[in-house]
Amino acid sequence: MSIPDIFAAEGEDGFREVETAVLGEVSAYKKCVVATGGGAVKRQENWMHLRNGLVVCLSGDPALLAKRIAKDGVEARPLFADAEDETAIAAKIAEMMKEREKLYAEADLRVKLLMDDDTGEEGEDLDGLCKRVLACLKRRIEEDDTKSRLKNEPKEGDITVSGM
């Protein structure tokens with residue numbers, strides 16, 4: 001069943017139920033990438049599943065995202081079914097982004113899609129975006145210092161157990 005079919009039969013709430021169930025199943029997997037839509041963050045129980053890994057929020061200018069949605073066709077995106085043109089799609093995206101901003105801020109990383117200022121088109125290809133996301137992930141891991149903390153001896157202030 002496609003996403004538009006689920007929306008047609010069950011509405012957004014029905015779709016979100018399916019989304020939560022799927023996230024619950026895939027959250028047990030390790031070393032995998034799970035790509036969700038932007039609405040997955042709307043349910044608190046989804047965060048429990050998402051937090052089993054690193055959460056990366058990809059964002060972009062509403063006009064750029066509207067171009068991509070219009071190109072793919074709004075029929076594939078039920079939340080934009082009533083949008084008549086790219087301007088209406090961009091307005092809906094801006095509204096959704098504002099509504100979800102606090103939720104998106106909970107992501108471990110936020111990576112903005114680059115846009116060519118002259119053309120308003122995407123400013124990088126998929127390979128370039130992937131390289132930027134990986135570089136951000138690497139920086140995040142280094143900033144967290146998780147890797148070195150796992151390999152190093154205890155430092156002053158760490159919890160130690162003695163007398164055993």
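Trainee: In which helix of the chain is confidence lowest, and in which is it highest? Please also take me through His 49 in detail.

Mentor: Keep in mind that this is a predicted model. Confidence is lowest in helix H6, residues 146-151, where the mean is 53. The highest value belongs to helix H4, residues 86-104, at 96. Over the chain, pLDDT averages 86, and 87% of the residues score at least 70.

Next, the setting. The chain holds 6 helices and 2 strands. Following the sequence, their order is α-α-β-α-α-β-α-α. Of the 164 residues, 28% are buried. The chain exposes about 11,800 Å², and carbon and sulfur atoms supply 53% of that area. Take the contacts between residues at least 6 apart in sequence: 59% of them join residues at least 24 apart.

Now the residue itself. His 49 lies in helix H2, which covers residues 44-50. Its relative accessibility is 16%. A residue is called buried when this value is under 20%, so His 49 counts as buried. As for what surrounds His 49, leave aside residues up to four places away in sequence. The residues that His 49 then touches are Thr 20, Leu 23, Gly 24 and Ser 27.

Terms used: Residues are numbered from 1 along each chain as its sequence is written. This is a predicted model: local features need pLDDT of at least 70, side-chain atom pairs count only at pLDDT 80 or more; totals for chains, interfaces and linings use all residues. Side-chain values use heavy atoms; hydrogens and water are left out. Helices (H or I, at least four residues) and strands (E, at least two) are DSSP runs, numbered from the N terminus. Buried means under 20% relative accessible area, exposed over 50%, partly exposed in between (1.4 Å probe, protein chains only). Contact means heavy atoms within 4.5 Å. Accessible areas come from the Shrake-Rupley method with a 1.4 Å probe; for residues, only the protein chains shown count as cover. pLDDT is the predictor's confidence in each residue, from 0 to 100.
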